[in-house]
Each structure stands twice: as structure tokens, then as C-alpha cells.
Amino acid sequence: MITRILNYAYRLKLILLLLACTPLLNSQNQVLVDSLKLVIDHGGDEKAIFSAYRDICDHYMQYDFVKGLEYARKGYEYARKKQHQERQALFTQRIGNSYLFMGNYQRAIQNYYDGLKLLEEKPDYYMQFALYNNIGVCYDRLHQYDMALEYQFKALEIFNSYHQSFDKTVNKANLQTQIYNNIGNNYEVTNDNDKAIQYYTKALNVKGPVEQRSLAQVHNNIGKLYSKTGNFAQAKYHLNKGLELRQAINDQIEMIKSYVNISNLYREQGETDSALITLNRAEPLVKTSHSRELHAMFNYAMFSNYASQGHFQTALDYHLKYQENKDSLMNQQSLKEISNMVAQQKVDEIEGAYKLQLQKDKFQLRMLIYGLLAIAIVSALIIILFNNQRKRIQLQKENLEKDLEYRNKEMATNVMYMVRKNELINNVAKRLLSLKENLKDENKGPVSSIIYELQTEVDKEVWTEFEMRFQQVHSNFYDNLRDSHPDLTPSEERLCAFLRLNMSSKEIAAITHQNSKSIEVARARLRKKLNLTGTDTNLISYLADF
């Protein structure tokens, strides 16, 4: 039983080597953490704030998963507000890591899925590789090994297709070795030993700078599998190779495990003396170790070998030590479970606060949307009313212009009518004047009087009628004209009025009993008085503005 617990813990630790995307901070460097918090509190550069959230999260993830989760949440919210999906995915991965470390694998999987969804539009293949692998880790912990293999193969597919795009600081050969080793582990627990050996072998054959720690683990795994299948020669080779690699890097914890595995191999072959010699080499390392798991593993191996040799008292002594280690481990496991429960309670509180804040944010967003919608509706109504008003004003303007044009035409028509009438009366007066010489003396006086009355009354009537009609249509014309040009004579004002009606010199001459040339001269004088001489301004256009 204790061996199974130890193997499980070790497999979890190895697979999680793939989780970190950036180097973790030194757990003792609290000063640096405080300075990063100041960066966040004081605001400033977006990239610096993002990095601060990430580094603080990674710092706490080494010893306080709840605190790590808290800063992963804060980092995610900051990235979400900045609409940066790639950074949202990174913090979503870290949220998933927090749940994974605390044993809440379902929540971890959900967050990893969320991270993958965020990366659909703009893929980050290294992060996708890590997310797929982490989902495989979670399914492995849930003993759903088929699902674990499915996602580990997805991670391997990403690696094979896109590893060239991974960051240059990433040890790609080491990643490939680890993923092959992890696939081999899952095939081994499902008793598909041939495929397990196939992928362990692939892990050993990866080209590139593979870390000795990773190679040692692969040799250890394949050695144990060969031992289980009875191929002791291959088992001995790989277990000893793993030990050599661990000795080369002075990995004392893993060296103890190698010694125990080699002793177990000797014992299975009946070579208990060689097994005890091997364990004696491990004993100094065990004494310096504070790991209850390693003490339990060592004491159980010593008990098994002494029992096989018939040294029952010595075997009993080691069994009692093993039992003590086992009880301690069980207590430790219980404490861990209690600790996880407390941590989960804190996580639930954080989740509750986060969901409450999210609901508040959503409510505020809805209110903002409703407010903007209301503003948009009111604005649309105002625009519609304004457009309608503008159309009405435009229509009124057009109607006024049409009415003005009609009245101008009507006035011009009336003026022309009066001109013709005036011409007729003048003709009558001229004919009377020509007949006057043939009249008797007593009739010449009355006829002369009639001719005079006709000539004077006609002019007065024409001008009076014109003035009346003109004032009706252009009521402010004279006032505006006199304000701008107070030195104009009545005849010049009258000429301005005729020009305002766009009348020609010939038409004006007919009304005023002058010839066209005189009118042209009068127009030239008027331009000078209006200060238009030497300009391109049209006289009629100028007067149209009054």
C-alpha cells in the first residue's frame, strides 16, 4: 500500500514539471513580493502590472495555493478588463493549477478548458501544450486513464506540430521526454505493458539536451516495468542506469528510491544478501532525510528482506518502524485532507466573493448598457425631431421662396401692366396733343388741361401702386438699404427696388420714361455709391441680400 502511495505522489510530481510557464520567485524574497504589490497598487505600465500579478501568483503557488488562487483571479480580472485574451488564458491556467494542487480536479479541468477557448482566436501553442497536458494530469488523478491519454496525445500533437514556435528558453527535448514518459505511465497503469515500454523507449531516444533528472526517472520507470514482467536483466540495467544519473547530480531523495527499487529486484530473484547490501548503501541517505515516505519505503524493504532470510526479530523491528512511519503518514494524510478542506472553504469564500463581484459588475454593465440604450433612443428621437423640424423649416423656406418668387413675378407683371397702361394713356395724351391744333380756341384750354392731368396722374398712380406692392413683399428692404447706404437719393432707392425685382434696364426705362442708356448710366453711378466699382460683385445679387 505504502509503495502505491509513494509511486502515485511521484508520478504527480513529475508530470507537474510541465505546468510552470515562467520561473517561480524565491519563496524567501518577500521584499520583492511587496515591491510587486506596490506596482499594482500605484498603477502605471500595463505590462508591468500584468507581470506583477503573474510573479506574485507564482510566488504564492509554491506554498499557499489559496493565496496563489487569489492573485491568479486578480490577474485574470485585470487581463479581462484590458481585453487581453492571451493573458486571460495564462491566468486561467494558473487558476486551474491552484485547483489541481488542492485536489479539486474537476474545477481545474474546467479552467483549463476555459483557457483553451480563450486561445482559439490567437493561439499560443506552448500554453495550449501545457493546458492539454494539465487536463491529462487531472484525468490521471481521477483514474480516468483513457481520458488522460487522449489529452496527453493532444499535447504531444501540439508539440510535434508547433514546438519550433515555443520560447527559446524552453528545453524542448526535456518536454518531449517528459510527455513520452507520462504516456508510458498511463499505459502502464492500464496494464498495456507493450505500449508503455514503447513510449518509455521513445523518451530515452529523444535527441537533445534532456535533463539527467528526467532521464533517470524514465530509466527507473522502465526498470520497474521490466521487473514486473520478469525481464530481470533489462530491469537491472535500467534501474542501475537511473541510479548512476541520480548520483551524477547528487539527487539524494531519488537515489534512495533507486536503491530501494534495485533491492526489490534482488529480493524478487532470491538474492537477499545483495538486496541488503544495496539497502545499506541507502541507509546513510535515509537517516539525513526528513521524508516519512522514504523512511517507510526503506523500512518496509528492510523488513521484507530480513523476513525472507528468516531473521524475524530484525524483520519485526523494521516492521514496527514501518508501521510507525505508516501511521505517521496516515496522520499526515488526514491533516492534509483537513488542510485541503480548510483551503477549499477559503477557495469557496473567494469564489463566492468573486461571483458576487462578477454579478455586481454584470449588473452595473447592464445598467450602463440600459443607460446607453436610453441615451441612444432619446438621441435618436431628438435627431428624428430635429430632422423633422429641419424638413419643416426647409419646406417653409422653400414655400416662402416660392411665394416670394410668385409675388415678385406678380409684381413685375403688375408693373408691366401699369407700364403698358401708362404707355396707352401717354399715347392718348399725345394724340390729343396732336389734335389740339385743329380744335377751336374755346376747346384748346380744356383739352390742354386734360392732357396735363393724364400725364401727371398716371406717373403718380404707377409709382404709388409699385411702392405699395413692393413694400408688401420686401417689407425691410428700404430700411436695410438706408442703414447701409444712408446717402442714397429717392430716385436711386427706386432704381435699387427695380433691380431687386431683377428688372432689365429696358423695363426700368419704360416705367421711368427714360431711355435705356440713361438707366445704364444711373446703374453705373449706383455701383459707385454702393462701393462696388472695381469688384466682381453683381449689382442685382448684392441688392438681393437686403
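At 61% relative accessibility, N531 counts as exposed (exposed means over 50% relative accessible area, buried under 20%, partly exposed in between, with a 1.4 Å probe and protein chains only). N531 sits in the loop between α21 and α22, and its phi is positive, about 60°, although it is not a glycine. Helices here are DSSP runs of H or I with at least four residues, strands are runs of E with at least two, and both are numbered from the N terminus.

A quick word on ground rules: this is a predicted model, where local features need pLDDT of at least 70, side-chain atom pairs count only at pLDDT 80 or more, and totals for chains, interfaces and linings use all residues. Residues are numbered from 1 along each chain as its sequence is written, and side-chain values use heavy atoms, leaving out hydrogens and water.

## Helix α21

Which residues of α21 are buried? They are I519, R523 and L526. Looking down the axis of α21, these buried residues fall within an arc of 65°, so they line one face of the helix; the arc is that of the directions from the helix axis to the C-beta atoms. They pack against α19 (490–500), α20 (505–512) and α22 (539–543), with contact meaning heavy atoms within 4.5 Å. On the other side of α21, K517, R525 and K528 are exposed.

## Q83, in another loop

Q83 also isn't a glycine, yet has a positive phi of about 60°. You'll find Q83 in the loop between α4 (65–81) and α5 (85–101). With 69% relative accessibility, Q83 counts as exposed.

## The whole protein

Stepping back, the protein has 22 helices and zero strands. Of its 546 residues, 41% are buried. Among contacts with a separation of 6 or more, 61% come from residues 24 or more positions apart.

The protein exposes about 30,800 Å², and carbon and sulfur atoms supply 52% of that; accessible areas come from the Shrake-Rupley method with a 1.4 Å probe, and for residues only the protein chains shown count as cover.
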